[in-house]
Amino acid sequence: MRVERSNKNQEDPYLPRMRESIEKVEATREERIDQEVEPLDPKTRDKVLNEFHPDYIESAFREVNVGPNAGEMMPKELVDLLEAYPKYDPSEVNLAKVEKEVDVLIIGGGGAGNIAAYWAVQEGLDPSDILIATKLRNGDSNSVMSQGGVQAADREEDSPVQHYLDIMGGGHYANKPDLVETLVRDAPKMIEWHEDLGVIYDKDGDGAMKELHGGGTSRKRLHSAKDYTGLEIVRVVRDEVRNMAIPVKEFAPAVELLTDADGTVTGALLFNMETDKYSVVKAKSVILATGGFGRLHIQDFPTTNHYGATADGLILGYRAGANMLDMDTVQYHPTGAAYPQQIMGLLVTEKVRSSGAYPVNSEGEFFTFNLEPRDVEASMLIRECRDVEHGGRDNGVETPGGITGVWLDTPMIDMKHGEGTFEKNLEYIYRLYTRFGIDPTEDPILVYPTLHYQNGGIEIDNDGHTAVEGLLAAGEVEGGVHGKNRLMGNSIMDYNVFGRRAGIAAARRAKGESEWGEVSLEHVERYVDKLRESDVDMQKRSPMLIPDYRGERTQGRTLDLLDPS
Amino acid sequence: MKLTDSDQDLVAEVEELSGENLYACFQCGKCSASCPFTDEMDELPNQLIRRVQIGDRRILQSKTPWVCASCLSCEVECPKGNDIPAIMEAVREITLRSNVDETDLRDLDTRGLPEIALVSNFRKKTG
Amino acid sequence: MSPSNEDQETVRIHIMGKEYEVPKGLTMMDAIEHSGYRLIRGVGCRGGFCGACATLYRLEGDYKLYADLACQKTVEDGMYLMQLPFTPAGRKTYDIEEIGRDGNPLLENYPEVARCVSCNTCTKACPQDLEVMDFINEAIRGNIENVASMSFDCIQCGICAARCPAEIPHHHVAQMARRVYGKHNLPKSDHVAARVREIEGGEFDESLQEITSLSREVLEERYESREIE
Amino acid sequence: MEELLYYPGCSLKDTAIGFEESAIYASRQLGIELKEMERWNCCGTVYSLTADNLMKQLGPVRNLVHAQEEGYEKVYTLCSMCDNTLKRSNRLVKNDPEKLEKINSFMDREEDYLGEVTVKHYLELLRDELGWDAVREPVREPLKGLNVAPYYGCMLTRPKEIGLDDPHNPTVLEDFISSLGAEPVDYPYHSECCGSYNTVEKKDIVLKQAGKITSSAAAAGADLIITSCPLCHYNLDTRQSEYIRRENSSKPVPVLYITQLMAVAYGNSDVCKFDKHAIDPREALALENKALKER
């Protein structure tokens, strides 16, 4: 017997003016049931992007002064951390005292980290010669939060070439062709690997995959496990990592990489968040699997990201000399929860739209094709909500949290596919809203773009090697696969394909090294000296490790969003 | 076996747990005669009851309560209608409730055993 | 929350027994941070996926002990809350290839499941509202498929295992059931296997070689004209 | 077809699946549809005897609440242990309102148990409601010349307060056997415990009991033994084959569930799942050559 766990304290969860708008949505619902909106033509698409997408607001970016990407524009919240003092306290660090020597050190316990560890063992390493060092618990990551699905071109009517085309088009052709080719080639193999591990994908009776469209896909190739796809994949791999007894050190983030005289990465300096003690770990190969940077709240956006997504890997890698690609773009997911305020910014998966709940403005009208690529879809929603003086259409619904949103007409899902469809396939979303008194099968839900994914990152080659010897990278931290805009379902495949390849490459490299290299922090000192020479005023210390929501900065209270002036 | 310390609250404890009057038993021995498992026991059922009557706490180390399968053969024979299996369970419970399990799950090979065997065994031998 | 601070409605909560005044409507997690705590444990995804923020709480004047996720539960006046930084539960290491072939792998690896007294405490504790006691009973019966489907939304927060009088690790039992079901019962998809063989057989080498060497203009034209099925 | 609410018990869903499937088949021949309870949980055998431990009564009482919620006054069981546990818990809470009130207040999500549900064993259905003639009626393969030893074990007849027959001189299984056309065999150990859960940690006790009980039945001329308890079946069947291997003693005596014997007599032995037995009864039932040919 299901227990009513919602925090419903008032009768109508929606405020009166929201209820008026809902009535308009309900009024037009009948006629909209088989109405379709055409995708934008390329010219209009670029115009909308230019005018409304946050990436095109110059004031939000700042030029990098030092390092391989000097001269490029990146979000100022990131550059503040790139150009900051190191976090470690030199007086506490004793590089002579080595706590552990491993073949492969993996920094980050999300999808990429666990998959890299698994495949390093398949490549012949003994599990005890691997160490996963993660900032929170093993598995706590963005990876477990992806809902909608993972892309792989494994149906008759689909092909890797079609998948390649979608990725390149979506990424505005800035992607590295060889990385995209590797992704589309390996994708079906990773799905097969998941089945072999026991991942429970949504399937027909005979085992055929149920696949849906995603934003920007030309074929249905989105494999899902209800709307807990990321969680199901990662918890299965983590379960196998536990069976293989691969050592994991939790609450022990790396605060700096360690290098030898000629700059090869030879280990990392870990920081125990509970004892404030540093520990030196030597490794023959180091893999950065630290994920994204949503918790930097770029342009004050709320975010779908987990607590630890603070760009640590970018900072560590960049200080060691690893260059980055496509950092001038940030992905905003078009539909983050805009109301109620407790869940503001959380992801409402694209699968809600692809299952039939199209975006509707405050007047109850369609205003965009429901599955544009993410950057376009987000811009269309921003345009619909922005006030007329700033070029918008002022068709948004005001929320107490300070932002306006548009509706996703969620009741249409059950109308189109039959009663119970929503609750069966979108159980996470159903639970998310009913907990706060809103039943998405009866009322539409309010959404607004939310900071979602780091399109770019540290450049890697096909095997995950970065520009720095001994340093590899996998997952959201690396760049080059998605170009200027990632499509839904390609991030899970990214950390699978390149997690595996980085794990194998790291293992191979480790087997080739007879012993461990010297460890030093000189590369950091050189980096800080260069910063001082270019008289950058540095007040922060980085990496950030965890965001600070104490007191007035509480995330739920102060994020008055997007005053476009 | 010299009787060193007589512990009257053992009787009270067993009576409270089993809801039985221990002194109703006049040691006729019919329960022990009907019990199928006496040759595995170091103390016969009626001897166990006698030990409790005289407050001999060493009975808690006896194998007897752990061999008893609660099959109630003794109960239907007892001329006084005493619930001897309840007395056996009371003696077991004194140990189990001191957080000491008779069965150690860790090194148990349960392959092939039906559910009913495991459920009933743990019900009587773990706290 | 833009209303000015003075007339801001507040509620009284107790974090591990210490009293704080926080604005009404915050989740427990936001309220803990608003009170000045910087979380290291007891926080993870902040979206209801990872189970890191398992929290026990009582309400003044109510005898019941509730459990919920700090990131998904709004604070109430007179709430006494305490986060579980970690929930110890015995997890069995196993070989996925071997188990699940015959017999009941759940009962064999977790015999304590047979100690269930059906007291339903686990179901009442589950923040995901799963019928935990029911799927543990299905585990006793060896019905792997039911355990897998009924436990699918489990986020492994471990509150059930922390509160179970029979010391059962429900979330580990459920994870094993889902692995066995996914691997040994769920039919494999032929079209995925076929496509992997095709790719390894080089069927797409030529077409991939062609498309990866196209100029940006040609690629863009190919992209804009592609038909969507 | 009359629908009766049926409580299966965990073993009948897995290791004793032949017991359930033969029971469903046999009941249909008697015009009875065994309707499984919507929700049920483990009965928590063996009945907990300590007066104050209500935690262990929650399992059985919760099943009675579910039966009450489904609107039935009677619930039928097949397994002797489930029957015994449910009956004794039912009796406990019916006679002790204070304990019932405590249990009801603890189970705060279910309706309160009103104490009006009655637990019946399958043999009580056959004997008291249908009658032996009705049981005899669908027999198409009379088990003439088949000597069957009835094995009551402990839980059917004991304790007296809930037993379905006189513990010292039960006859229900003998009548049951005769009604199917077979010959009941009299032997001294029909009600001696098989060792029960000692099979988990003190296997030797059970091996000894299995040897003693089955050889005594064989000596009295039994071709096979019948029981209605999955634990007795495991101990007398699987442990007997282990005993015979260890002692390489006399001929194995197959062990059947009561409803398997009915299914064979009614002409369908496929539902019995005999392949799951350690000692294959098909040879003793002479299903291949003698009159009991498969259709």
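**Exercise 1. In which sense do strand β19 and β21 of chain A pair, and over how many bridges?**

Solution. 
1. Work on the predicted model. Find β19 of chain A at residues 457-459.
2. Pair this strand with β21(A): the sense is parallel, and there are two bridges.
3. Pick out one bridge. A:Glu459 has A:Gly479 of β21(A) as its partner.

**Exercise 2. Which strands form the open sheet with β19 of chain A, and in what order?**

Solution. 
1. Strands can pair in a parallel or an antiparallel way, through backbone hydrogen bonds.
2. In chain A, three strands make up the sheet, ordered β13-β19-β21.
3. The pairing in this open sheet is mixed.
4. Now take the edges. They are β13 (324-325) and β21 (478-479) of chain A, and each of them pairs on one side only.

**Exercise 3. Locate the domains of chain D and describe how domain 1 touches domain 2.**

Solution. 
1. In the domain assignment, domain 1 of chain D covers 2-123 and domain 2 covers 141-276.
2. Count the contact residues. Domain 1 of chain D supplies 25, and domain 2 of chain D supplies 25.
3. Look at the domain 1 side. The elements of chain D giving two or more residues to this side are α1 (17-29), α3 (80-95) and α5 (122-130).
4. Which element gives the most to that side? It is α1(D), with nine residues.
5. Sort the domain 1 side by class. There are 12 nonpolar, eight polar and five charged residues on the side of domain 1 that touches domain 2 of chain D.

Conventions
Residues are numbered from 1 along each chain as its sequence is written. Chains are lettered from A and ligands numbered from 1 in the order in which they are written. This is a predicted model: local features need pLDDT of at least 70, side-chain atom pairs count only at pLDDT 80 or more; totals for chains, interfaces and linings use all residues. Two strands pair if DSSP finds at least two bridges between them. Helices (H or I, at least four residues) and strands (E, at least two) are DSSP runs, numbered from the N terminus. Domain bounds come from an automatic or database domain assignment. Two residues are in contact if their C-beta atoms, placed from the backbone, lie within 7 Å. Ala, Val, Leu, Ile, Met, Phe, Trp, Tyr, Cys and Pro count as nonpolar, Asp, Glu, Lys and Arg as charged, and the others, Gly among them, as polar.
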